[in-house]
Amino acid sequence: MFSEKDLVERSIEDMQAEAKELLAEAERLKEEHEAMLQKEMLLRNQSVEARPVDPAGAERLWQEAEELNDSARESLRLSMEKRLRAADLQHRIKIHDQIESMDRSDEVWRDAAKAGRR
C-alpha cells in the first residue's frame, strides 16, 4: 500500500495531483469492472444457449466468462486500493492544513497578547 513516494517530502500540490490521478484511475478501473461483468453475463447466456448444440463450445464460453469474472474482481480490487490511497493522501493534506492553521493561530495569539500589554 505504501510506496517510495511516502518516504520523500512532497508539496501539497504534488499530493493533490497524485490524489486526483488516483481517483481518475480508480474510476476507470471501476468502469472496466462493470464492462467485464456485462460481457461475462453475455458469455454465460451464450454458453447456456449453446450447450445443447455445442457442448465443447459452450464450455469454452463458460471458461472465458470465468476468466472475465476473475479479471473484473482484480479491477475492482485495484480500484478500491487506489481510492484508499487517494483518501490517505487527502487525509495527509487535511492534517497539513490543520497544522498550518494552528501555527498561524499561535502567532495571532502572541500578537494579541503583546498588543494587550501596551
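These are my notebook entries on a predicted model of one protein chain.

**Entry 1. Ground rules**

I number residues from 1 along each chain as its sequence is written, and my side-chain values use heavy atoms, with hydrogens and water left out. Because the model is predicted, I take local features at pLDDT of at least 70 and count side-chain atom pairs at pLDDT 80 or more, while totals for chains, interfaces and linings use all residues.

**Entry 2. Overall form**

I looked up the secondary structure and found 2 helices and 0 strands in the protein chain. Helices (H or I, at least four residues) and strands (E, at least two) are DSSP runs, numbered from the N terminus. The radius of gyration of the protein chain is 26 Å, well over the 13 Å that the globule rule gives for 118 residues, so the chain is more spread out than a compact globule. That radius is taken over C-alpha atoms, and the globule rule is 2.2 Å times the number of residues to the power 0.38. I noted the spans of the C-alpha trace along its principal axes as about 100 × 25 × 15 Å.

**Entry 3. Surface, burial and charge**

The accessible surface of the protein chain comes to about 8,900 Å², and carbon and sulfur atoms hold 55% of it. Accessible areas come from the Shrake-Rupley method with a 1.4 Å probe; for residues, only the protein chains shown count as cover. Of the 118 residues, 24% count as buried. Buried means under 20% relative accessible area, exposed means over 50%, and partly exposed lies in between (1.4 Å probe, protein chains only).

I then looked at charge: the mean positions of the 21 positive and 29 negative charges are 6 Å apart. Lys and Arg count as positive and Asp and Glu as negative, with His and the chain ends not counted. The place of a charge is NZ of Lys, CZ of Arg, CG of Asp or CD of Glu.

**Entry 4. Contacts and cores**

Among contacts (heavy atoms within 4.5 Å) between residues at least 6 apart in sequence, 76% join residues at least 24 apart.

I listed the largest nonpolar core, which has 7 residues: Ile-12, Met-15, Ala-19, Leu-22, Ala-86, Leu-89 and Ile-93. Helix 1 (12-50) and helix 2 are the elements that give two or more residues to this core. Helix 1 gives the most, with 4 residues. A nonpolar core is a set of buried Ala, Val, Leu, Ile, Met, Phe, Trp, Tyr and Cys residues joined through side-chain atoms within 4.5 Å.

I checked Ile-12 and found it in contact with Ile-93 and His-96, leaving aside neighbours within four places in sequence. There is also a second, separate core of 6 residues, including Leu-61, Ala-65, Leu-68 and Ala-72.

**Entry 5. Residues in helix 1**

Ser-47 lies in helix 1. Ser-47 counts as buried because its relative accessibility is 0%. Apart from neighbours within four places in sequence, Ser-47 is in contact with Ala-58, Leu-61 and Trp-62.

Arg-44 also lies in helix 1. I recorded Arg-44 as buried because its relative accessibility is 12%. Not counting residues up to four places away in sequence, Arg-44 touches Trp-62, Ala-65, Glu-66 and Asn-69.

I found Asn-45 in helix 1 as well. At 43% relative accessibility, Asn-45 counts as partly exposed.

**Entry 6. Residues in helix 2**

Leu-76 is found in helix 2 (residues 55-117). With a relative accessible area of 33%, Leu-76 is partly exposed. From Leu-76 to Met-41 I noted 17 Å, C-alpha to C-alpha, for two residues 35 apart in sequence.

Leu-84 has its place in helix 2. Leu-84 and Ala-19 are 65 residues apart along the chain, and their C-alpha atoms are separated by 9.8 Å.

Gln-90 lies in helix 2. Its relative accessible area is 41%, so Gln-90 is partly exposed. The C-alpha atoms of Gln-90 and Lys-20, 70 residues apart along the chain, are separated by 9.6 Å. Leaving aside neighbours within four places in sequence, I found Gln-90 in contact with Ala-19 and Leu-23.
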